[in-house]
Amino acid sequence: IHAYIAPSDLHMKQVFGLTSDELIQTAVSSTELIKKLSESLKGSDIRYEFSPEEFTDTSLQFSLELCNKVFDAWEKASPEKPIIFNLPATVERLLPSQYADMIEIFNNEINNRESIIISLHTHNDQGMAVAATELGLMAGADRVEGTLFGHGERTGNVDLVICINNYFARGINPNINLSNLPMIAKKVESLTGMPIYYRQPYSGDYAFTAFSGSHQDAINKGMKKLQEAPKLFGQSWKVPYLHIDPNDIGRKYEKLIRINSQSGKGGVSWVLEQDYNIELPKKIQLELSNYVQKFSEKVQREVSSNEVYEIFLDNFVNPLGNYKLIGYWPRPDDKDPTFIHGEVHIEIDNELHKIKSDGNGPISAFVGAIRQLIDLEFVVENYHEQSVGKGADAKALAIVPLKIKNSHEIYGIGIDSNIDQAAVRAIISCLNRLNKG
C-alpha cells in the first residue's frame, strides 16, 4: 500500500492549511490506520510505501523527521520486510546533482536504514529525469519508479526504457528483457493512443539513424570493420555514432541510415550494399549521392531504399540516350577459342545497325564493332565484376570505366545473367551517359 503526503511549505500553506506538526500527525495517524486494517486481513503479506511528495521542495531535515516517525508508526518494517520510502522530484526544479545530494544525505541520516528501501521517483520538467535517476542511484537509492517511454504528468516521469538500456550499454545487466523493444513500443502506443517521439532514445524511429554524410560514411566503415573491434577495443560492439548494437533491442541495421538531402556517398552506398548487395566504387558513390540529394531536395522528404535503387538504375544502368543495344552474339573461333567473332545489333538515333567484329575476347570484339559505328576514341579500362543476388536468381553486375581520349573517365553499369553481356551493356550505359552529359 502506497500512501503519500506533500510536506513542502508550498503544500502546507497553500493546499492543506496545516502546520508542520499537524502534517506529521496526519501521516502518522494514516499509517497507523493502514497498519491496523492490514492486520485484520488474516494470512496476508502487506507491505508499506510512504512518499514525502515534493521531496525536492521540502526541507531535508523535515523529510527525515517525517519519515522516521512514519517508520515508527508502521512498526512492522524489518530487513526481511522493509518499508519503502519513495523520494520524489515531483516537479523538477533542482539540478540532478542536487537531487542526488539530497538522496545521499537521506541515505546516511535516516534511522533503521537496513529496514528501508529508498526509491526514486523523478519527473522530467526540465528534461533531466534520467540524469537525476542515475545520480540518485549512485548516491545510494535502491529502486526506481518510472514509466515506459516517459508517460506521466506534464512532461512525464523518467523513461524506464532509457534507464534500463543505459545500464545495458555500460555492461550492467538490468535483468529486464527489452530485446523486442519495437513490439513493446507498438503495444504501448496502441494502448495509450500516444505516439513515441521519433527522436526518443532507443525507442524512437530516428534513434539509430544517421542523416549527415560524414556520420553515414563513418557508420558504413565501422560496420565493415566490426570484426576487428574485440582486438582493437576489447569489446565486440564498437561502431562510430552507435553506442549499442541496435539488434540487441530488436532494431534492424537497414534502418540505421535515413537518406535525405544531407546524406553523402557513405549512406547511399550503405543502402545499396545492405538491401541490394551492390558494392560501388567511390567515384560512382559520389555521383550517385549527388543524384539522390537532388531528388530529395525536389520531393522535400526522405528517400526510400527502393527509390535509391531506382535512381541508381536510371542513371547508371539504364540511362536514356542515343544508343540501344538490341543484341550481341559473341562466338569463339573454331580453332582458337580465345579469339572471338562478335555480331552486334544496335540502334543509334533509332537507326538499326548490324555489324561484325573480331577480338581477343568478347569485350574486345564488341568495342571493335562500336568503333566502326561512331567517331569516338575510347578505351575500356579494367572493369569490376560482382554477383548480385544468390543461387539460381543471381545475376552478374559489371562496372565499366570508359576512358575518353584527351578527356575524362565515365562509368557505366550493366546487369545480366551473363557477365559478358553485363559488360557490353555497361559500355552502352557509358555511351548514353557520355552523350547525355
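Me: Why is Tyr-99 called buried?

Reply: In this predicted model, Tyr-99 has a relative accessible area of 2%. Buried means under 20%, so Tyr-99 is buried. The residue lies in helix α4.

Me: Which residues does Tyr-99 touch, not counting residues up to four places away in sequence?

Reply: Tyr-99 touches Phe-55, Thr-56, Leu-87, Pro-88, Ala-89, Leu-120, His-121, Thr-122 and Ala-132, with residues up to four places away in sequence left out. Contact here means heavy atoms within 4.5 Å.

Me: What makes α2 roughly parallel to α3?

Reply: The axes of α2 and α3 cross at roughly 25 degrees and come within 9 Å. Angles under 35 degrees count as roughly parallel, so α2 is roughly parallel to α3. The crossing of these two helices is right-handed.

Me: Which residues make the contact of α2 with α3, and how do they divide into nonpolar, polar and charged?

Reply: From α2 (20–39), the contact residues are Ser-20, Leu-23, Ile-24, Ala-27, Val-28, Thr-31, Glu-32, Ile-34, Lys-35 and Ser-38. From α3 (60–74), they are Phe-62, Glu-65, Leu-66, Lys-69, Val-70, Ala-73 and Trp-74. The residues of this contact divide into ten nonpolar, three polar and four charged.

Me: What makes up the largest nonpolar core?

Reply: The largest nonpolar core has 37 residues, and those with the most contacts inside it are Phe-50, Ile-83, Phe-85, Ile-103 and Phe-106. The elements giving two or more residues to this core are β1 (2–5), α2, α3, β3 (83–89), α4 (96–109) and β4 (116–122). The largest share, nine residues, comes from α3.

Me: Which residues does Ile-103 touch, not counting residues up to four places away in sequence?

Reply: Ile-103 touches Phe-55, Leu-87, Ile-118, Leu-120, Gly-136, Ala-139 and Ala-141, with residues up to four places away in sequence not counted. A second, separate core has 30 residues, including Ile-346, Ala-365, Ala-423 and Ile-428.

Key:
Residues numbered from 1 in each chain as written. Predicted model: local features only at pLDDT ≥ 70, side-chain atom pairs only at ≥ 80, totals over all residues. Heavy atoms only, no water. Core = buried A, V, L, I, M, F, W, Y, C linked by side-chain atoms within 4.5 Å. Buried < 20%, exposed > 50% of the residue type's maximum accessible area, 1.4 Å probe, protein only. Helix = DSSP H or I, 4+ residues; strand = E, 2+ residues; numbered from the N terminus. Axes fitted to C-alpha atoms, helices over the stretch in contact; angles between N-to-C directions. Parallel < 35°, antiparallel > 145°, perpendicular 65-115°, else oblique. Left-handed = near helix turned anticlockwise from the far one by under 90°. Nonpolar A, V, L, I, M, F, W, Y, C, P; charged D, E, K, R; others polar.
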